[in-house]
Amino acid sequence: EAAAILETDDDHAMLDQIRGAVIAAGTKVSTRRAMQCLDYVKGVAWLAGSGCVRDEHWMSLADCLWREPKDRPAILQIVGKISNPALIQAIELHDAARELVGDATRKEGEATFAWSIRAGQNYAELEKVGRKLATLSAERPDNIGVRERLDQVRTMAVNLKREALASANLL
């Protein structure tokens, strides 16, 4: 049934661009394998309930194109930068948010006041990351991966704020 998803010229152009970049990075991708990959991406789109191949469906190509497991992260970056740069940017912002939350964890024996200041600073930075993700999400409202990361960062911010307020006995 995935064959019912029509292949467009844009799909072929995207595949050619990704294939060229992966080959340039040193991984061999035959024409036959590339066409099998297009069928795979169409299957991913169909399983997602989409009537066409969308940006986020191309990300699955990283699982088809690597030859050695160590090559997968690099291929994922290549595929993402070409097919879904908004998601790659969202992932980077999400990673930055996780670092901020990790840095805001109260250290054993740390004074409440000192920790509250640090947590507040990290919360402010987390809010900036959230705003960047919100802008990215508004620019690409159809990008599910971006929206998911925005929701996760918002949850991180709420939890950090709640923890800081509770620690300062303000809740």
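**A helix and its packing**

Modeller: The axes of α1 and α5 cross at roughly 145 degrees and come within 10 Å. Keep in mind that this is a predicted model.

Colleague: Is the crossing of α1 and α5 left-handed or right-handed?

Modeller: Two packed helices are described by the angle between their axes and the distance between the axes. For α1 and α5 the handedness can be given too: the crossing is right-handed.

Colleague: How many residues of the contact of α1 with α5 are charged?

Modeller: From α1 come Met14, Gln17, Ile18, Ala21 and Val22. From α5 come Ile75, Ile78, Val79, Ile82 and Ser83. Eight are nonpolar and two are polar, while the number of charged residues is none.

Colleague: What should the 16 residues of helix α1 span, and do the end C-alpha atoms agree or disagree?

Modeller: Helix α1 covers residues 9-24.

Colleague: Within what arc do the buried residues of α1 fall?

Modeller: Buried here means under 20% relative accessible area. Asp11, Met14, Leu15, Ile18 and Val22 of α1 are buried. Seen down the axis, they line one face of the helix, because they fall within an arc of 100 degrees.

Colleague: Which exposed residues does the face of α1 turned away from its buried side carry?

Modeller: The buried residues of α1 have cover that includes α2, α3, α4 and α5. The face turned away from the buried side carries the exposed residues Asp9, Asp16 and Ala24.

Conventions:
Residues are numbered from 1 along each chain as its sequence is written. This is a predicted model: local features need pLDDT of at least 70, side-chain atom pairs count only at pLDDT 80 or more; totals for chains, interfaces and linings use all residues. Side-chain values use heavy atoms; hydrogens and water are left out. Helices (H or I, at least four residues) and strands (E, at least two) are DSSP runs, numbered from the N terminus. The expected span of a helix is 1.5 Å times one less than its number of residues. Buried means under 20% relative accessible area, exposed over 50%, partly exposed in between (1.4 Å probe, protein chains only). The arc is that of the directions from the helix axis to the C-beta atoms. Contact means heavy atoms within 4.5 Å. Axes are lines fitted to C-alpha atoms, for helices over the stretch in contact, and angles run from 0 to 180 degrees between N-to-C directions. A crossing is left-handed if the near helix is turned anticlockwise from the far one by less than a right angle, and right-handed if clockwise. Ala, Val, Leu, Ile, Met, Phe, Trp, Tyr, Cys and Pro count as nonpolar, Asp, Glu, Lys and Arg as charged, and the others, Gly among them, as polar.
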